[in-house]
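Dear colleague,

I am handing over the structure we spoke about, with some notes to read beside it. Please look through the sequence and the coordinates before turning to the comments.

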Amino acid sequence: MEERLMVRLESAVARLEALSLRGGSVVESGGYNAAVTDPSVVAFEDFMGTYFGRVSSAGEKIGGQVLEVTKILEQALNVQKELLIKIKQTQKPDLAGLADFLKPLNEVIMKANSLTEGRRSDFFNHLKAAADSFTALAWIAYTGKDCGMSMPIAHVEESWQMAEFYNNKILVEYKSKDPSHVEWAKALKELYLPGLRDYVKSHYPLGPVWSATAKAKAAAPSAPAPPPRPPASLFSSESPSPSSSKPKEGMAAVFQEISSGKPVTAGLRKVTDNMKTKNRADRTGVVGASEKESHTSTPSFSKAGPPKLELQMGRKWVVENQIGRKNLVIDDCDAKQSVYIFGCKDSVLQVQGKVNNITIDKCTKMGLVFMDVVAACEIVNCSGVEVQCQGSAPTISVDNTGGCQLYLSKDSLGTSITTAKTSEINVLVPGAEPDDDLVEHALPQQFIHMFKDGHFETTPVSHSGG
């Protein structure tokens with residue numbers, strides 16, 4: 001209750017400061033006051049006080065980057081509240097005007113996305129869950145059934161599904177380690193479901209209600225100028241280079257950057273007959289690797305930085321920017337250490353021993369052979385990778401990856417495989433007899449959803465033929 005009152009008090013102070021700096025007429029101030037006291041705006045403040053307080057309290061206990069992204073979340077919610085106030089005083093704009101109107105929210109969301117870039121943080125799942133959840137705030141951009149977006153309530157629910165993959169990882173990782181992280185993850189989910197969803201359902205089920213009496217905002221006259229380079233924001237694609245395909249139009253372009261990752265098929269090569277398992281000479285499915293890493297050999301350098309293969313702080317093996325190295329070996333490891341592979345291409349790594357967990361991040365045509373992992377093997381933002389487990393692994397997760405071959409041993413057949421935003425994932429398992437060939441299974445990437453008996457039933461798409 002105290003946290004809720006503090007949020008209301010801070011909001012009231014912010015409004016008073018805004019009025020003191022506004023310098024407008026009495027009529028304008030009166031219009032602003034009327035918008036601030038609108039039931040929908042007051043309800044949004046109540047929503048923040050009820051749900052965000054828990055997220056903030058847990059974030060302060062954790063500190064570090066988790067607290068940082070929590071503060072960015074608070075900033076985004078405050079920006080959305082100000083936009084709701086402005087909507088009460090503004091006529092419905094066109095697409096260009098809407099992009100300009102939503103620019104403050106866009107800037108906050110881009111700030112959250114920047115925290116997930118570069119080297120993977122120890123709190124990557126927290127940062128990714130929060131950053132992906134910000135997409136739900138885009139419900140305010142809904143302008144009608146032809147705008148290219150789902151309706152506001154559905155948009156909030158669909159957007160949270162993007163973040164829930166990482167949020168669930170937090171719950172699993174910290175279930176028996178730190179209750180503060182579990183509380184933060186649970187509070188984050190409740191902020192959107194049911195928090196934001198119920199707010200939108202009660203006040204804006206058909207989208208924002210723009211003012212019908214306000215004057216249209218006049219554009220400031222200016223001399224013609226060459227168009228600036230398009231920013232990497234929600235209203236443009238990441239690359240300014242021209243594309244042969246027709247760009248999205250209308251509100252389908254809104255929040256395109258954060259809702260769509262990089263093309264998962266980029267960099268994949270065509271599978272020829274001699275590359276298929278059934279036509280390989282050895283027919284073992286083992287990812288090839290030669291002799292151990294030689295410290296006297298000359299490494300290939302990546303534009304991202306010098307190659308690394310080192311143990312940091314006695315607990316984390318870091319393998320970075322290895323290009324064309326087929327003989328990478330980690331043999332002096334134990335179950336308390338983790339392995340992080342980042343930015344490698346056309347290389348093969350062998351992990352000869354049990355480790356706590358292995359992560360492959362932003363790698364292309366990378367091969368990995370490992371014995372046992374205590375927690376999980378994660379494959380994130382990769383293309384064309386091959387991973388072989390010769391021992392056991394409780395969990396293998398594949399996220400935002402295109403073209404992945406998983407080779408399982410008999411001891412790892414019980415592993416749990418989790419996929420999200422993936423394509424062309426094949427799992428090869430041993431045959432019934434020791435001399436049998438490996439049996440290849442393709443994991444489905446398309447599903448059918450049928451509404452039956454009051455709920456949806458989801459089944460994978462099956463294909464006939466060989």
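What follows is an account of what was found, from the whole chain down to single residues.

This is a predicted model, in which local features need pLDDT of at least 70 and side-chain atom pairs count only at pLDDT 80 or more, whereas totals for chains, interfaces and linings use all residues. Residues are numbered from 1 along each chain as its sequence is written, and side-chain values use heavy atoms, with hydrogens and water left out.

The chain has ten helices and 14 strands, taken as DSSP runs (H or I of at least four residues for helices, E of at least two for strands) and numbered from the N terminus. Of its 466 residues, 42% are buried, where buried means under 20% relative accessible area, exposed over 50%, and partly exposed in between (1.4 Å probe, protein chains only).

Beyond its neighbours within four places in sequence, Tyr192 is in contact (heavy atoms within 4.5 Å) with Leu73, Ser133, Phe134, Ala136, Val156, Trp160 and Arg197.

Helix α9 itself covers residues 179–203, and because its 25 residues should span 36 Å at 1.5 Å a residue, the 34 Å between its end C-alpha atoms agrees with expectation; the expected span is 1.5 Å times one less than the number of residues. A kink of about 30° lies at Glu190, shortly before Pro194, the bend being the angle between axes fitted to the seven residues ending there and the seven starting there. At the start of α9, a side-chain oxygen of Asp178 comes to within 2.9 Å of the backbone nitrogen of Ser180.

Two further residues may be worth a look. Thr401 sits in the loop between β8 (395–399) and β9 (402–408) and counts as buried because its relative accessibility is 0%, while its side chain reaches the backbone oxygen of Asp399 at 3.0 Å. Glu68, by contrast, is placed in helix α4 and is partly exposed, with a relative accessible area of 38%.

Key:
A polar contact is a pair of N or O atoms within 3.5 Å; within protein, one must be able to donate a hydrogen and the other to accept it, and residues adjacent in sequence count only if both atoms are side-chain atoms.
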